[in-house]
Every structure is written in structure tokens, then in C-alpha cells.
Amino acid sequence: MYYLSQPLPRMIQFVLNDVESPAYYLLLRGWSSVFSNLPAATAALSLVLEGLAVALLYRFGRALMDYRFAVVAVALYGVSYSSIYFSAESRPYALLLVASLSSCTALVRLLQGGRSPGRYWVEYLAASAVGLYTHYPFLVVLYAQNIAVFCLIRLGWRALPPSRWVLAQVGLMVGYLPVWPFFLDRLSG
């Protein structure tokens, strides 16, 4: 709430010097200008994002396996401590989960090949950019994705053109350049 009470440039400076990037707080600022900056109203954003995360978890489960797998994943997540905790926190965790699930689902769809690869590239890049600008640990998601794609390429998987993948990763890192100094400072601290 303190961050939201600051002028925008100062808010972004505070957030970047914490363990997050500014995407969630910019979204929260817009949300609170429409609804309210009362704690219940700001927590409601996380509740909405958690609802979206559950839908994306189901979608991810369907992309990986089938509807039964997706239903079990959603049921287990729905009763988990993380689900309950993240849905009540006015912090970026729910948005991080939304970005991670969307990014990973798009990657799975790209690896499966098939129709509409352009749509999945756009989803992958947008979700990954949101993740990068939401919380520094999203880089772990990108590292894991790159390791998986590298291993699949080494095994001869051809559904995902390696040159496109490398170009996408370079684009994400170039887009993340404004945040790198803050990330490296947090990492060294």
C-alpha cells in the first residue's frame, strides 16, 4: 500500500529495489484507481488472478495430458496452502503464477506443433515478458524452459525451430535490459 501511495516514478524505483519488478504494482495501481485502495479491494485483484491461474492450470494440464489430469491438478491446487495464501495477498505471486502457466502452456503447444503457431508465439512472448516484469524469480522459469528446449533439440525434436527459439530468448532479454541492473543488485545483495 505504501508503494501505491507514492508518485509513479518513485513507486517504480521502490519496487525495483525490492525483490519484484513493476508489472504487478502498475496493474494494482490501475485496479485501485478503478475500485479502491482499501486492503480488501487490493486483495481482490489477487483473488481474480488466482481464479485465472486455476483456469490456466486446467489448460496447462490439458496441454500436457488430458482433462482428467487437468481436473486432478486443479483439485490439488485448490486445496493447497499456496492457492489460499496467494489469493489473499496483495503481492505479485498470483500474477507470477498466471504468467508462468501461460508461458509454459504456450511452450508446450509450440513443442507439439500443429495449427496456430503464431498465436502460441505471441502468447509465449507476452506471458514471458509479463513474468519477467512481475518478479525476478521468473528467470528460473525461462532457464527451465531453455534447458528443456535444448534437450529436446539435442534429441532431434523439430516441432520448434531452434533459430526462432533463440531469437525469442534474445528478444526477451533485450526487453528486460532496463531491469537487469536492479536484478543484479538484488542478486549480489
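Glu 123 is buried, with a relative accessible area of 15%. Buried stands for under 20% relative accessible area, exposed for over 50%, and partly exposed for what lies in between, with a 1.4 Å probe and protein chains only. The model is a predicted one: local features need pLDDT of at least 70, side-chain atom pairs count only at pLDDT 80 or more, and totals for chains, interfaces and linings use all residues. Numbering starts from 1 along each chain as its sequence is written, and side-chain values use heavy atoms, with hydrogens and water left out.

**Salt bridges**

What does Glu 123 meet in a salt bridge? Its partner is the side chain of Arg 59, at 2.7 Å from N to O. A salt bridge is a side-chain nitrogen of Lys or Arg within 4 Å of a carboxyl oxygen of Asp or Glu. Arg 59 is partly exposed, at 23% relative accessibility. The pair links distant parts of the chain, 64 residues apart. Glu 123 sits in helix α7, and Arg 59 in helix α3 (residues 39-64). Helices (H or I, at least four residues) and strands (E, at least two) are DSSP runs, numbered from the N terminus.

By this rule, the count is two salt bridges. Arg 68 forms one with Asp 66, and their closest N and O atoms are 3.2 Å apart. Arg 68 is exposed, with a relative accessible area of 53%. Asp 66 is partly exposed, at 27%.

**Nonpolar cores**

In soluble globular proteins, nonpolar side chains tend to be buried together. A nonpolar core here is a set of buried Ala, Val, Leu, Ile, Met, Phe, Trp, Tyr and Cys residues joined through side-chain atoms within 4.5 Å. The largest has 23 residues. Those with the most contacts inside it include Leu 107, Leu 132, Trp 165 and Tyr 176. At least two residues of this core come from each of α6 (93-112), α7 (117-132), α8 (138-154) and α9 (162-175). Helix α6 gives the largest share, six residues. A second, separate core has 21 residues, among them Tyr 3, Val 15, Ala 63 and Val 108.

Which residues does Trp 165 touch beyond its neighbours within four places in sequence? It is in contact (heavy atoms within 4.5 Å) with Leu 107, Trp 121, Tyr 124, Gln 145, Asn 146, Val 149 and Leu 160.

**Aromatic pairs**

The whole structure holds six aromatic pairs. Rings of Phe, Tyr and Trp (its six-membered ring) pair if their centres lie within 6.5 Å; planes under 30 degrees apart count as stacked, over 60 as edge-to-face and the rest as tilted. The table shows two of the pairs.

| Pair | Centres | Planes | Type |
|---|---|---|---|
| Tyr 24 and Tyr 25 | 5.3 Å | 85 degrees | edge-to-face |
| Tyr 133 and Tyr 176 | 5.8 Å | 80 degrees | edge-to-face |

Tyr 133 lies in the loop between α7 and α8, and Tyr 176 in the loop between α9 and α10 (180-188), so their pair ties together parts that are 43 residues apart in sequence. Tyr 133 is partly exposed, at 24%, whereas Tyr 176 is buried, at 0%. Both Tyr 24 and Tyr 25 are buried. Ring pairs also link Trp 121, Tyr 124 and Trp 165 into a cluster.

**Two more residues**

Thr 134 is found in the loop between α7 and α8. Is Thr 134 buried or exposed? It is buried, with a relative accessible area of 0%. A polar atom of its side chain lies 2.5 Å from the backbone oxygen of Val 130. Leaving aside neighbours within four places in sequence, Thr 134 is in contact with residues including Glu 20, Tyr 24, Pro 92 and Leu 96.

Leu 125 is in helix α7. It is partly exposed, at 32% relative accessibility. Beyond its neighbours within four places in sequence, Leu 125 is in contact with Ala 168 and Leu 172. From C-alpha to C-alpha, Leu 125 and Ser 103 are 7.5 Å apart in space, but 22 residues apart in sequence.

**The whole chain**

The chain has 10 helices and zero strands. Of its 189 residues, 39% count as buried. Its C-alpha atoms fill a box of roughly 50 × 40 × 30 Å along the principal axes. Among contacts with a separation of 6 or more, 65% join residues 24 or more positions apart.

Conventions. Polar contact = N/O pair within 3.5 Å; in protein donor to acceptor, adjacent residues only side chain to side chain.
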